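Thanks, everyone. I have one structure to walk through today.

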Amino acid sequence: MTTPTTAEVGRGSREPPVVEIDGFRGWLISADHADYDLARAIWNGAIDRRPRLIARCIGTADVVAAVRFARDHDLEIAIRGGGHNVAGTAVCDDGIVIDLSAMRAVRVDPADRRAWVQGGALWGDVDHETQLHGLATTGGIVSHTGVAGLTLGGGIGWLMRKYGLTVDNLLAAEVVTADGELLRASEDEHPDLFWALRGGGGNFGVVTSFEFRLHSVGPAVLAGPILWDAADAGEVLRFYRDFVRDAPDELGTVVRFGAAPPLPGIPEDLHWRPVVMVGTCYAGPIEDGERVLRPLRASRTPLLDLVGPTPYVGWQSSLDSAVVHGWNYYWKATHLPELRDDLIDVIAEHAFSCSSPRSYVAMFHLKGAVSRAAEGGTAFGNRQASHAITLDAVWLPGENFGDQDTAWTRGFFAALGRFREGVYVNFLGGDEDPDRVREAYGDAVYDRLAGVKAKYDPDNVFHHNQNIGPREMKARTVAT
Ligand SMILES: Cc1cc2nc3c(=O)[nH]c(=O)nc-3n(C[C@H](O)[C@H](O)[C@H](O)COP(=O)(O)OP(=O)(O)OC[C@H]3O[C@@H](n4cnc5c(N)ncnc54)[C@H](O)[C@@H]3O)c2cc1C
């Protein structure tokens, strides 16, 4: 099942809106509209919220009008970029969704190596336009993830060890604040706001446009997955730990534990077999990548090795069909230190004990340029962690795996307790203790964020998110 693109939802939907918003030219979609159910659906099919109004904006002026309207009518606000966040914060009950999904334009200046990206774009949009010039910036590893939410939480991906997080490549952003004012934030303009936007999430306003620094990448990179049998998980992880410790920054890896999904290139006899899969991407000359990856590819005779020269833009969408819109998802996540033997034992013991063939675990190798940037230089916390892990329960609508695999993620998470080292805010679910948001930043960054929040959103208008309350005010949870 795939969700139609938002442009398809919007097109042909010029039925008379139930309400008018002064100065608004986009689509207003309320419960009696034919497209209402499609328009309120997000990536996580387990989220079923019914907003009073969805304001699908077609430009910055629409966003300003929608924020002012919401304030005037005291409406709860949810902001939708790509609609991909597992916590479902892009949609609220009863209030207004400020929906940027029709604002997906990307403009590239190849000479200056910059891209301007609208606030509703997906990573596939950015890669498509930037790769035309052999350029890229760090983005997510699934092409239908939104640029806005990902960037505002930090942004990890294949290129981060070489080029830093997505926020490390952010040069400026245009933001509609809680007062409905349009500001530009950069190192020179509202630098406090610019600092907070680079990790602090959607707490500070609606970002209508991002300006990114680009780098030479591809168009072909050495990339692909290597698969080993699940029974070898412990040995593979021990080898992997030693291998990535000295790996050059050019090499990005993500380990996936779970049944092999029927992705292109994976032969049928391996489909749904429990495997450890190490996804790789070398952001440098292909011959160098071949040399760097040789030991990993030779270790313990893999079941399958699909590493080879691959178009970067294709590799960026190679996992898309394993995490489809409309399936049900529940995640727990944490950062981890280097993989000690006792930590590897815990991972190997729990990673394959889920019930649904679609549930999986993903572990991103961090370090490199991520941890060389100064802690506190942006609002992204825990830069020294080695790995970011998500434990992902996945079940299809109508399947009964939800309770069992939700319990599996919680049990696995508890077992990781003594190893935990913070968390990536964008991997937090919707039912987390608010203290976990503080955990994502650490006390110093969180308290500084609360100060910036008090300046730009003192009434906590933007609270339907992983909330940072203005200083002196309690943070709210998604459910409140
Ligand atoms: C399958 C999958 C793969 C992922 N892979 C990666 C990955 O490789 N790297 C990574 O870093 N993360 C990854 N993530 C996490 C991802 O960063 C978050 O889900 C992120 O929130 C997605 O952004 P979005 O715009 O789609 O979010 P949405 O669901 O649209 O919004 C989430 C929140 O972001 C804020 N927000 C969204 N748009 C705006 C805006 N224009 N202005 C202000 N605030 C806004 C709001 O607070 C909103 O509640 C992945 C998630 C999934 C589900």
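**Domain contacts and cores**

Start with an interface: domain 1 and domain 2 bury about 1100 Å² between them, and 65% of that is on carbon and sulfur atoms. In contacts, 11 residues of domain 1 meet 19 residues of domain 2. The C-alpha centres of these two domains are 22 Å apart.

Now charges. The rule finds two salt bridges across this interface. Elsewhere on my list, Arg71 pairs with Asp179 in a salt bridge, with the closest N and O atoms 4.0 Å apart.

Keep in mind that this is a predicted model. The average pLDDT for the chain is 94, and 95% of the residues score at least 70. Residues 1–17 fall below 50, yet this stretch has 28 contacts in the model beyond near neighbours in sequence.

The domain bounds: domain 1 is 26–99, domain 2 is 106–216, domain 3 is 220–427.

The largest nonpolar core has 87 residues. Ile156, Leu197, Phe364, Tyr441 and Leu449 have the most contacts inside it. Helix H15, residues 443–456, gives the largest share, six residues. Why does this core lie between domain 2 and domain 3? Because both domains give residues to it.

Take Tyr441. Leaving aside neighbours within four places in sequence, its contacts include Gly199, Gly200, Gly201, Tyr446, Leu449 and Ile468.

There is also a second, separate core of 38 residues, with Ala247, Val255, Val307 and Ile344 among them.

Terms used
Residues numbered from 1 in each chain as written. Predicted model: local features only at pLDDT ≥ 70, side-chain atom pairs only at ≥ 80, totals over all residues. Heavy atoms only, no water. pLDDT = per-residue confidence, 0-100. Contact = heavy atoms within 4.5 Å. Core = buried A, V, L, I, M, F, W, Y, C linked by side-chain atoms within 4.5 Å. Buried < 20%, exposed > 50% of the residue type's maximum accessible area, 1.4 Å probe, protein only. Helix = DSSP H or I, 4+ residues; strand = E, 2+ residues; numbered from the N terminus. Domains from an automatic or database assignment. Buried area = accessible area lost by both parts, 1.4 Å probe. Salt bridge = Lys/Arg side-chain N within 4 Å of Asp/Glu carboxyl O.
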